[in-house]
Amino acid sequence: MARVTIRIDDALHDRLQRRARSLHLTVAELLRPAIDQAADPRSGYVYTTQDEILSGVLQTLAIVAASIRRRSPEALEEGMADARQMLLDRGLLPPEQRS
């Protein structure tokens with residue numbers, strides 16, 4: 001079996017050790033599933049705490065968009081076109097949505 005060495009700060013290492021101990025695992029056993037998921041091209045990306053922030057932002061934007069749609073469908077359409085252009089400019093749209 002291959003060995004991988006990474007450097008992490010001491011506080012993170014301590015947290016990993018505590019978490020692994022609480023699950024009756026080694027740190028390696030705790031981390032292997034996350035590393036396996038990160039390496040699998042079919043699995044998308046690995047969940048991070050930033051996903052929680054993104055989820056909150058998306059929910060807020062959905063509420064705002066629903067409110068604008070009721071008041072001014074034209075303003076919503078213009079805002080969506082502007083957002084799409086920003087995503088396009090930054091290369092954040094998948095190829096099938098770039099036309």
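The points below cover the basis of the model, its helices, one leucine and a surface patch.

1. This is a predicted model, in which local features need pLDDT of at least 70, side-chain atom pairs count only at pLDDT 80 or more, and totals for chains, interfaces and linings use all residues. Residues are numbered from 1 along each chain as its sequence is written, and side-chain values use heavy atoms, with hydrogens and water left out.

2. Helix H2 covers residues 27-39 (helices are DSSP runs of H or I, at least four residues, numbered from the N terminus). Its 13 residues reach 18 Å from first C-alpha to last, close to the expected 18 Å (1.5 Å times one less than the number of residues).

3. Gly 91 follows H4 and has a positive phi, near 70 degrees.

4. Leu 87 lies in H4, residues 73-89. Leu 87 is partly exposed because its relative accessible area is 36% (between the limits of under 20% for buried and over 50% for exposed, with a 1.4 Å probe and protein chains only). Not counting residues up to four places away in sequence, Leu 87 touches Leu 92 and Leu 93 (heavy atoms within 4.5 Å). From Asp 36, Leu 87 is 51 residues away in sequence and 30 Å away in space, C-alpha to C-alpha.

5. Leu 58 is placed in helix H3, residues 49-71. Together with Ile 53, Leu 54, Val 57 and Leu 61, Leu 58 forms a nonpolar surface patch (residues with over 30% relative accessible area and no salt bridge, nonpolar side chains being joined within 5 Å and like charges within 9 Å; a salt bridge is a side-chain nitrogen of Lys or Arg within 4 Å of a carboxyl oxygen of Asp or Glu). The patch has about 470 Å² of accessible area (Shrake-Rupley method, 1.4 Å probe, only the protein chains shown counting as cover for residues).

How values were computed. Helix = DSSP H or I, 4+ residues; strand = E, 2+ residues; numbered from the N terminus.
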